[in-house]
Amino acid sequence: MSWRAAKPLYEGQMGFVYLADAALQGAAIADGTLAVGNQRLRAVVVDAPGPLSERAAAQLDAFREAGGLVIETWQPETLVASLAEAIGRDVMWSGGPDLRVLRYRKGSTEFYLLVNEGEEPIAGDLAVEGAGALERWNPQTGTGGPWPARAADGYLHTHLRLERREATVLAIDPAGHARNDLPTPPAPGDVISTIGAEWQATDLQGEPVDAPALADWAQAPGWEIYTGTLSFRTTFDLAAAADGEMFLDLGAVGDIAEVLVNGQPVGVRAWAPYVVKIGSTCRAGANTLEVRVTNSMANAYEGEQHPSGLMGPVTLRRAQD
């Protein structure tokens, strides 16, 4: 398997494994597939940096004669299309090249790990091979539940949106049935207001400190190489109690933010976007907001001045479908 093929296959949501010469030598051929350990390979893309061993070359010849696909001459622009035409594909996606996919089967359940490796949100129509009830799981929180899907032609069709660096797992329960009447959770929408009131900075024991809020504390005198966790507190007002459809956007943060609203934890974010859903914890009138920020240890250990703290702007955003 060519490492040069990895990029177009990743960007084309085509699953693959790397295959070394030694593994190829020990492979078996069964039912038109190349059997390597627990893997059953339907195609091999060859682009070795040197000549294959005699045994490996013979294995490829035998695989080809048994009906397997061996591609030795190819171009990155057409590789995925050539493979899809010859052997089909288990994922179809309309939202661009930043989606990474890993398919895994455990027992009778199919799992698809989906990750946005891009710098911007992605959204599009997604079809995954399989039949049954579709569920979506959050690998960070361990939560999940039924997800809307339409069954057609051996695939489950749905719509997916992933924020920058977001990962999700789709699981297919073969004992269930696809449902296309389920609601999907809202996404952050337009800014409602900016939280720009006075902030109080404290350490974790509640003692006031002079670190700046809505600014980079690594640029403040005395805080240049500080590493640790500081708490930033403020209040904001709402005319009416929220119905669960509201988001808090912290803007820029260095590096990890834990958010509490009215004393209740609502989320932890380790990279942008630093956005959490907060509506169900808000009430009419005054609400308290606490953001605990932990910065990079490189500041203390290496004398770096990586951006640190709650830099904002901090805004409330309404939900959109």
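The count of aromatic pairs comes to 6, where rings of Phe, Tyr and Trp (its six-membered ring) pair if their centres lie within 6.5 Å. A pair of aromatic rings is described by the distance of the centres and the angle of the planes. This is a predicted model, in which local features need pLDDT of at least 70 and side-chain atom pairs count only at pLDDT 80 or more, while totals for chains, interfaces and linings use all residues. Residues are numbered from 1 along each chain as its sequence is written, and side-chain values use heavy atoms, with hydrogens and water left out.

Let us start with Trp 217 and Phe 232. Their ring centres are 6.4 Å apart and their planes are at 25°, so this pair is stacked (planes under 30 degrees apart). The pair links distant parts of the chain, 15 residues apart: Trp 217 is in the loop between strand 16 (200–202) and strand 17 (229–238), and Phe 232 is in strand 17. Strands here are DSSP runs of E, at least two residues, numbered from the N terminus. Trp 217 has a relative accessible area of 0% and is therefore buried (under 20%, with a 1.4 Å probe and protein chains only). Phe 232 is buried too, at 0%.

Next come Trp 223 and Tyr 226. With centres 5.0 Å apart and planes at 80°, the pair is edge-to-face (over 60 degrees). Ring pairs join Trp 217, Trp 223, Tyr 226 and Phe 232 into a cluster.

Finally, a charge over a ring: Arg 136 lies over the face of Trp 147, 4.8 Å from the ring centre. The rule asks for NZ of Lys or CZ of Arg within 6 Å of the ring centre and within 35 degrees of the ring normal.

Methods: Helix = DSSP H or I, 4+ residues; strand = E, 2+ residues; numbered from the N terminus. Buried < 20%, exposed > 50% of the residue type's maximum accessible area, 1.4 Å probe, protein only.
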